[in-house]
Amino acid sequence: MYTVEQLKWQNVKGRPLASIVAAGLSKFGKLEGKYSREIFLEAAREAFGGCSNFDPKRDVKALFVGQMSESFEHQTHVAPSLTDWVGLLPIPATRIEAACASSGAALRCAIFAIASGMYDIVAVGGVEKMTHRATSDATEYLAMASDFPMEQWHGITFPAMFGLMATAHMHKYGTAEEQMAMAAVKNHHNGCLNPKAQMQREITVRQVMESRPIAWPLKLLDCSLISDGASCLVITKPELAKRFTDTPADIVGTGQASDTIGLYERDDITFMEVARSAAKQAYEMANKKPSDIDVAEVHDCFTIAEIIAYEDLGFCAPGEAGKFIEEGETGLDGRIPVNTSGGLKAKGHPVGATGTAQACEIYLQLTGQAERRQVEDASIGLTHNVGGSGSTGVVHIFKRRD
Amino acid sequence: MLVVQGRPGSSTSSRGEIDMGAESPLTLESFYTFCAQKKLMGARCRSCRAILVPPRALCPKCGSMDIRWTKLKGTGKLLTYSVVHVASPAFQSSVPYAVGIVQLTEGARLPGMIRTNLKDLRIGLNLKVAFEPRRPESWPPWVRYCFVRARSH
């Protein structure tokens, strides 16, 4: 347990805040005939089954769950139903909504719950069921994460928000559409190595360039997927972690920041201040710098978002991300492998599930369980989760327990 | 200088700021009501001079609540744009269409549809505001503005 003073991010200095002892992920994709509660059960069962000496009914004291939209399933108040479906009634359960950063924000709540000393063991996850809806309906529901009176009302779709950022980045830095396409090509390659990924298909830069336009300069293969899926983690106090597994991973940094809901209100849209700020908090807490990161999962809802993430996280200087990906620095055998899971682009993007799904991948990487996509000797991992057009940013840093 | 009809309490200062007291609150609803009158109105913080579009009662830059309506020229330059090919149901019949963020002459930025030939789109394009003729029948009753090409200004 920490004192309030110790928990201030400047004072943590690399001490573990909480530990992941198990991670579970449902299959991502079009899960026909299955709805959120059934999909979440898949993820929770895998997580709970990954712990030893563990009885979920006895040990899990609270559930935090991220879900973006009640529109897909006409259902609010999902937290109690998910708790019921995974057999954990009557523990407290809370849904956290921060658009596509919902479960990244939920993970922070779980960390607070542990680090404050309130609970010893909690579960945290996320879920979204999307594929049963028409694309135009899904487009509308996702756009709800942008500003209704000034953006949605004027026909600015969610892909168009990132199209506006891409055009600005191309204009300011000369970033090429082909360089953005390389993020999709890399992530599809990685997705082929992840059995849970929605897409199991290699693509080429040319295929991305020739795919149909969605919100120019973004084309179909620049966009992440409409997906069903769920993710779940079991989090404990660091000193209890070894009771449940031989291979815990410690959470050593967490950061979150907020910005205007309207993209148009920001002075410069070639970067996301929320990501820079959340990263700064997490790096300081973890006592790490960008060059210490061995593997990262970043929020590639569109290819331009991955490009901007490299710059915001300090993996390269502003304006250099196009060259950075072109030189293969973020490939599986590069300097900082990014989105080894396939990312939102190929693993899939069931929006509420994404934040904790990123943490699941980092857990697998840091515990040597990432199979064919394993990054050798990965010790420090990072997740970068963005809500809306950059109105919420959440960054976490994880460390292998040696 | 804007003259607001039928608002006896209002007065206009030399800077184009309009004091309408409680009659036109600094809200989105008022902003769109002005759009229905073919007026693009913003607000100016009298403390830090920031232009706020749409208006707000509290300046996000300095925290002041000393804010007054101000009429905007409705001219600006295109900062960035995107061309929408897949839209939500309400807009799907209009695709492809351009949207953008416009740097207004007064300094604030405004997003919206850019109604121009798509091949003319480029950053820096001179634009001016225009208004749709009708008020929508269902909620929200907001008359949309958009941007069209302008000669240099």
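Reply: In this predicted model, the centres of domain 1 and domain 2 of chain A, taken over C-alpha atoms, are 22 Å apart. Domain 1 of chain A covers 4-132 + 228-249, and domain 2 of chain A covers 154-225 + 251-400. Each domain is therefore written as two stretches of the chain, given that the bounds come from an automatic or database domain assignment.

The two domains touch through 44 residues of domain 1 of chain A and 41 residues of domain 2 of chain A. On the domain 1 side, the elements of chain A that give two or more residues are helix 2 (9-12), helix 6 (102-115), strand 1 (18-25), strand 4 (121-128) and strand 7 (229-236). Helix 6 of chain A gives the most to this side, with eight residues. By class, the side of domain 1 of chain A that touches domain 2 of chain A has 25 nonpolar, 14 polar and five charged residues.

Next, a pair of helices in chain A. The axes of helix 9 (residues 177-191) and helix 13 (residues 303-312) of chain A come within 8 Å and cross at roughly 95 degrees. Angles of 65 to 115 degrees count as roughly perpendicular, so helix 9 of chain A is roughly perpendicular to helix 13 of chain A. From helix 9 of chain A, the residues that meet helix 13 are A:Met180, A:Ala181, A:Ala183 and A:Ala184. Helix 13 of chain A brings A:Thr303, A:Ile304, A:Glu306 and A:Ile307 to the contact. Six residues of this contact are nonpolar, one is polar and one is charged.

The remaining part is the contact with the neighbouring chain. Chain A puts 25 residues into this contact, and chain B puts in 26 residues. Three elements of chain A, helix 7 (135-143), helix 8 (158-173) and strand 5 (213-216), each supply at least two residues of the side that touches chain B. Helix 8 of chain A gives the most to that side, with six residues. The side of chain A that touches chain B divides into 14 nonpolar, nine polar and two charged residues.

Strand pairing also links the chains. Strand 5 of chain A is joined by two bridges to strand 6 (residues 75-84) of chain B, and the two strands run antiparallel. Within this pairing, A:Trp216 has B:Val83 in strand 6 of chain B as its bridge partner.

Conventions. Residues numbered from 1 in each chain as written. Chains lettered and ligands numbered in written order. Predicted model: local features only at pLDDT ≥ 70, side-chain atom pairs only at ≥ 80, totals over all residues. Contact = placed C-beta atoms within 7 Å. Helix = DSSP H or I, 4+ residues; strand = E, 2+ residues; numbered from the N terminus. Nonpolar A, V, L, I, M, F, W, Y, C, P; charged D, E, K, R; others polar. Pairing = 2+ DSSP bridges. Axes fitted to C-alpha atoms, helices over the stretch in contact; angles between N-to-C directions. Parallel < 35°, antiparallel > 145°, perpendicular 65-115°, else oblique.
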